[in-house]
Amino acid sequence: MRKVLAGLAALVVAAGCAPVQSGPAASDTDEKSGQLRVWLFDEVNRSAKEKVIQEAVAEFQGGHAGVSVDVQYIQVQSRAERFKAAFSDPASAPDVAEFGNTDLAGYVAAGGFADITADVTAWDEGKDLVPAVLDTAKVNGKVHGIPWYVGVRALYYRTDVFAELGVQPPSTLDEIAPLARRIRAAKPELLGISVGGKYVYGALPFVWANGGDIATKSGDKFTAAIDSPQAKAGIAKYTELLRDDICPPAQCAGNGGDASVENFRGGKAAMTIGGDFNRKSVDASAAAGKYGVVPLPGKDPGSVAPAFSGGNLLGVLSGTKRKTLATEFTRLLAGKQYQRKMYDAMGNLPTFADVQRAVADADPFLKPFTTTLESGTRFVPVTPSWAKIDAQAVLPTMLQEIVSGGKDVDTATKTAADAMNAAFSS
């Protein structure tokens with residue numbers, strides 16, 4: 001997810017909730033009137049979001065006599081407890097809810113969200129959803145939510161620093177470390193690139209670009225692949241950036257995505273890996289007017305490193321007694337019209353290919369991010385076990401062990417793979 005993604009507001013970005021062990025049975029009723037209950041995530045700048053939501057609610061109520069829509073805004077940090085209670089007690093649960101795509105597998109395993117595959121397939125706008133983004137709403141091939149927005153990361157760089165030193169943005173992943181080292185040597189007050197030992201979504205593109213992966217799937221079984229030769233090559237390339245002559249471990253090892261971007265915002269770094277969702281904060285910082293963005297390059301010149309496809313979904317609760325109304329409201333709020341309104345209000349990147357093109361044509365800043373999406377994105381293993389792996393901080397621990405010098409790449413990735421396989425088999 002993104003905020004959870006920016007900050008999620010992180011991923012954002014993106015921590016999974018512990019899977020709930022039991023969920024509600026689907027309701028036998030489908031009432032066409034009464035109150036529709038909706039849960040959405042609270043935001044730092046909720047007023048902008050709330051204005052769009054109020055417009056959608058007014059439109060929906062205007063077209064559905066006898067129907068009212070009650071929207072509640074819940075805290076991202078407490079979502080695990082809120083959804084666990086909702087899945088256990090449908091009487092107090094919403095009919096429609098926003099949730100992070102990394103939480104999806106656990107929620108579906110708990111029986112919390114309805115299969116809406118047929119509804120999305122029959123929806124005229126559904127055909128324009130970006131396939132890779134729609135995949136983040138699927139479990140075992142079934143759609144359990146509509147992607148409401150997507151968040152991807154690219155390479156932010158200081159145009160004034162690059163001009164002064166006569167350098168260009170890197171064209172391959174291999175060029176990043178030497179370039180960052182050169183910049184820090186010339187300007188010791190700057191980090192060559194701001195990254196972090198806890199910045200998993202900044203590190204994963206290095207793994208994927210080198211042909212590695214987090215895990216592989218055979219049938220219904222996942223097996224860790226973070227210790228494969230390809231994955232290790234990517235991890236080594238990323239952790240090379242966390243050295244004294246680029247981004248000193250003493251300063252950077254404990255940083256996640258937010259702290260990494262904050263160094264760039266504060267004028268303390270020449271580069272960072274940031275999301276489309278970081279734009280507004282960077283524009284309100286010391287780096288305003290002095291930065292550019294390019295896709296994070298891949299292994300070969302002209303290629304783009306696969307980015308993690310973060311974002312949030314809108315889904316229909318399995319226990320709703322108003323399935324038709326809930327589905328119709330979900331399609332309205334997650335549809336093209338309101339995704340465009342949400343982009344205008346909050347900068348949320350739409351999940352429809354044609355709407356993405358329209359906003360990118362109107363705003364060249366988005367081009368690196370839409371190019372990244374078009375080049376292909378990746379996702380975490382779609383399994384309830386991922387919530388356990390995430391909660392155990394398996395990957396950030398692995399990165400920090402390497403950065404601190406406590407373990408070499410081979411040992412740290414093997415330890416991480418063992419922990420992942422224990423979670424996958426539990």
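**Entry 1: the domains.** I began with the domain assignment, which divides the protein chain into domain 1 (34–151 + 309–378) and domain 2 (153–307 + 393–425). I kept in mind that this is a predicted model. I then looked up the spacing, and the C-alpha centres of the two domains lie 29 Å apart.

**Entry 2: where they meet.** How many residues of domain 1 are in contact with domain 2? I found 20, facing 21 residues of domain 2. About 1500 Å² is buried between domain 1 and domain 2, and carbon and sulfur atoms give 58% of that area. On the domain 1 side, F365, F369 and R378 lose the most area to domain 2, and together they make up 42% of what that side buries.

**Entry 3: G275.** I picked out this glycine in strand 10 (residues 271–275). Is G275 buried or exposed? Its relative accessible area is 0%, so I noted G275 as buried. Leaving out residues up to four places away in sequence, G275 touches V152, R153, Y156 and F369. The C-alpha atoms of G275 and Y156 are 8.8 Å apart, although 119 residues separate the two along the chain.

**Entry 4: the cores.** Next I turned to the largest nonpolar core, which has 63 residues. Which of its members touch the most other members? They are I193, Y238, L241, M271, M398 and M420. Helix 8 (residues 200–209) supplies the largest share of this core, with 8 residues. I followed up Y238, which touches V195, G196, Y199, G202, A203, F206 and L399 when residues up to four places away in sequence are not counted. There is also a second, separate core of 54 residues, with V69, Y107, L332 and L333 among its members.

**Entry 5: aromatic pairs.** I counted rings next, and the structure holds 22 aromatic pairs. One of them is Y291 with F365, an edge-to-face pair with 6.4 Å from centre to centre and 80 degrees between the planes. Y291 lies in strand 11 (residues 291–294) and F365 in the loop between helix 15 (353–362) and helix 16 (367–375), so this pair ties together parts that are 74 residues apart in sequence. Both Y291 and F365 are buried.

F308 and F379 make a stacked pair, with 5.6 Å between centres and 5 degrees between planes. This pair also links distant parts of the chain, as F308 is in strand 12 (residues 307–308) and F379 is in the loop between strand 14 (377–378) and helix 17 (385–391), 71 residues apart. F308 counts as buried because its relative accessibility is 1%. F379 has a relative accessible area of 17%, so F379 is buried too, with the cut-off at under 20%.

Entry 6: W39, F83, F87, F99, Y107 and F113 form one aromatic cluster. Y107 was already in my notes from the second core. What lies over the face of W39? I found R82 there, at 4.6 Å from the ring centre. Elsewhere, the charged end of K341 sits over the ring of Y338, 5.8 Å from its centre.

Technical notes
Residues are numbered from 1 along each chain as its sequence is written. This is a predicted model: local features need pLDDT of at least 70, side-chain atom pairs count only at pLDDT 80 or more; totals for chains, interfaces and linings use all residues. Side-chain values use heavy atoms; hydrogens and water are left out. A nonpolar core is a set of buried Ala, Val, Leu, Ile, Met, Phe, Trp, Tyr and Cys residues joined through side-chain atoms within 4.5 Å. Buried means under 20% relative accessible area, exposed over 50%, partly exposed in between (1.4 Å probe, protein chains only). Helices (H or I, at least four residues) and strands (E, at least two) are DSSP runs, numbered from the N terminus. Contact means heavy atoms within 4.5 Å. Rings of Phe, Tyr and Trp (its six-membered ring) pair if their centres lie within 6.5 Å; planes under 30 degrees apart count as stacked, over 60 as edge-to-face and the rest as tilted. A charge sits over a ring if NZ of Lys or CZ of Arg is within 6 Å of the ring centre and within 35 degrees of the ring normal. Domain bounds come from an automatic or database domain assignment. Buried area is the accessible area (1.4 Å probe) that two parts lose on being put together, summed over both.
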